[in-house]
Amino acid sequence: MSPMASPPDTSKTLKLERYNSYLRKVNSTKLLNASSKLLFRATLLVALVLVFIFTLNYPPLSAENASPGNHLHTHRNFLSSAFYGGSDHGGAAWEKQVRHSSTPRRLNGMSVLVTGAAGFVGSHCSMALKKRGDGVLGLDNFNNYYDPSLKRARQSLLLKHQIFIVEGDLNDAALLSKLFDVVPFTHILHLAAQAGVRYAMQNPQSYINSNIAGFVNLLEVAKTADPQPAIVWASSSSVYGLNTENPFSELHRTDQPASLYAATKKAGEEIAHTYNHIYGLSLTGLRFFTVYGPWGRPDMAYFFFTKDILQGKQIDIYKTHDAKEVARDFTYIDDIVKGCLGALDTAEKSTGSGGKKKGPAQLRIYNLGNTSPVPVGKLVSVLENLLNTKAKKHIITMPRNGDVPFTHANVSLALKDFGYKPTTDLPTGLRKFVKWYVGYYGIQSRVKKESEKNNNHSPEESA
């Protein structure tokens, strides 16, 4: 009898199956983890690409729709600032935007850095340069001296025309140097400044920081640039101060400023002389005479007179201490723009290199005015007619705050050198301002009704 067969040993088989099952679980877990990481990375990449595309293509708000009731235009797009307005002002996307805005579109066009580009004169000049094919890059710190939302609305208008404004301060030397590293500017139109005569009594330091320190900082960067740019910059009719000769000529003395603002502008003219003499910078100073027009400054009399007349508020009209009418040489913005572009077009190249002067460089100063002083009382009368509203006038003696009683420009030098010839009288210019004002602020009033009435019954007047 043969012995009984023993049962087969299955323990090895079971162990092998358990081990294979374990390996399958491990591999499945690894595959799942790898897939999760891959999905996360792919999602992140897609999100970044979408953010980048959105930032580049997000349409700027139309300035025509900008008004105090529309607060959207008062804030920067967050995504845009992440790429272009960061504290380091760097990155490939930012540099691309800077270069694109600065590149001229016409043969032998200029590449112009416009400081104060979100300001009144700066925004108009930037637009005029861009329209004729020059490259324009703006720089502005968007300070709150007056309502920043108006500056943001101008910024939106410029963005619509592919003019980029870098948000930064003149005293940021690193930022200025970075801009010159990215773009070989041929010209600088320096319009950034702390404006206003009376405000200097409240915040004198702001005038020193902007009009003197900021100007010196800009010149320091420009002197070492390669090539050195030609510079046109805004002085002021205020430098004539207590001068009593009329009309004001560039040959008249300007060593008696009546305000700190005027003193800082006069200091700027002397600083310009120094940098021209030592470093060969080509410098042209423009003495503006009471500029007004659409997109203007709310701190100017014609602007707040319009606002107060429409609101039924009393307005102060100054007379001199000897009871004479205060008068100003009001100059329409389009005439000022023509003068600025004329100065840029006739500016000679700077002669320095590497911060060293190679030869004599151009140094000029010009009046840009309207040559027709108008009493402030006449200004109010024109506004009353345009607004179809009687002003509540309060006649008071001019306080001793630095304002001068009379300005009158002799512009014969600017006429001779670059054909400057103002063509807009005060009633015509104020009509254009009022039309902009009621449109921008969305005023539905008798102004619009009167305008429609004039359009229906007086085509010659509206032409």
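Arg152 lies over the face of Phe142, 3.7 Å from the ring centre. This is a predicted model. Strand E5 is largely enclosed by the rest of the structure, because seven of its seven residues are buried. The structure holds 30 aromatic pairs.

**Charges over rings**
- The charge of Arg152 sits over Phe142, at 3.7 Å from the ring centre.
- Lys151 lies over the face of Tyr146. Here the distance to the ring centre is 4.6 Å.

**Strand E5 and its burial**
- E5 covers residues 230-236.
- In a regular strand, side chains alternate between the two faces of the sheet.
- Both faces of E5 are covered. On one side, Ala230, Val232, Ala234 and Ser236 are buried.

**Neighbours of E5**
- Strand E4 (residues 187-190) runs parallel to E5, and four bridges join them.
- His190 stands opposite Trp233 of E5.
- Between E4 and E5 the chain passes through helix H7 (residues 204-224). This β-α-β crossover is right-handed.
- Strand E6 (residues 283-288) also pairs with E5, through six bridges, and the two run parallel.
- Trp233 stands opposite Gly285 in E6.
- From E5 the chain crosses through helix H8 (residues 260-279) to E6. This β-α-β crossover is right-handed.

**Aromatic pairs**
- A pair of aromatic rings is described by the distance of the centres and the angle of the planes.
- The structure holds 30 such pairs.
- Tyr292 and Phe330 have ring centres 6.4 Å apart and planes at 90°, so the pair is edge-to-face.
- Tyr292 lies in strand E7 (residues 291-292), and Phe330 lies in the loop between strand E9 (327-328) and strand E10 (331-332). The pair therefore ties together parts that are 38 residues apart in sequence.
- Tyr292 and Phe330 are both buried.
- Trp436 and Tyr437 also form an edge-to-face pair. Their centres are 6.5 Å apart, with 70° between the planes.
- Trp436 and Tyr437 are both buried.

**Aromatic cluster**
- Ring pairs link a set of residues into a cluster. The members are Tyr292, Trp295, Tyr302, Phe303, Phe330, Tyr332, Phe433, Trp436, Tyr437, Tyr440 and Tyr441.
- Both edge-to-face pairs described above, Tyr292 with Phe330 and Trp436 with Tyr437, have their residues in this cluster.

Technical notes: Residues are numbered from 1 along each chain as its sequence is written. This is a predicted model: local features need pLDDT of at least 70, side-chain atom pairs count only at pLDDT 80 or more; totals for chains, interfaces and linings use all residues. Side-chain values use heavy atoms; hydrogens and water are left out. Buried means under 20% relative accessible area, exposed over 50%, partly exposed in between (1.4 Å probe, protein chains only). Two strands pair if DSSP finds at least two bridges between them. A crossover is right-handed if, with the strands pointing away from the viewer, the path from the first strand over the helix to the second runs clockwise. Rings of Phe, Tyr and Trp (its six-membered ring) pair if their centres lie within 6.5 Å; planes under 30 degrees apart count as stacked, over 60 as edge-to-face and the rest as tilted. A charge sits over a ring if NZ of Lys or CZ of Arg is within 6 Å of the ring centre and within 35 degrees of the ring normal.
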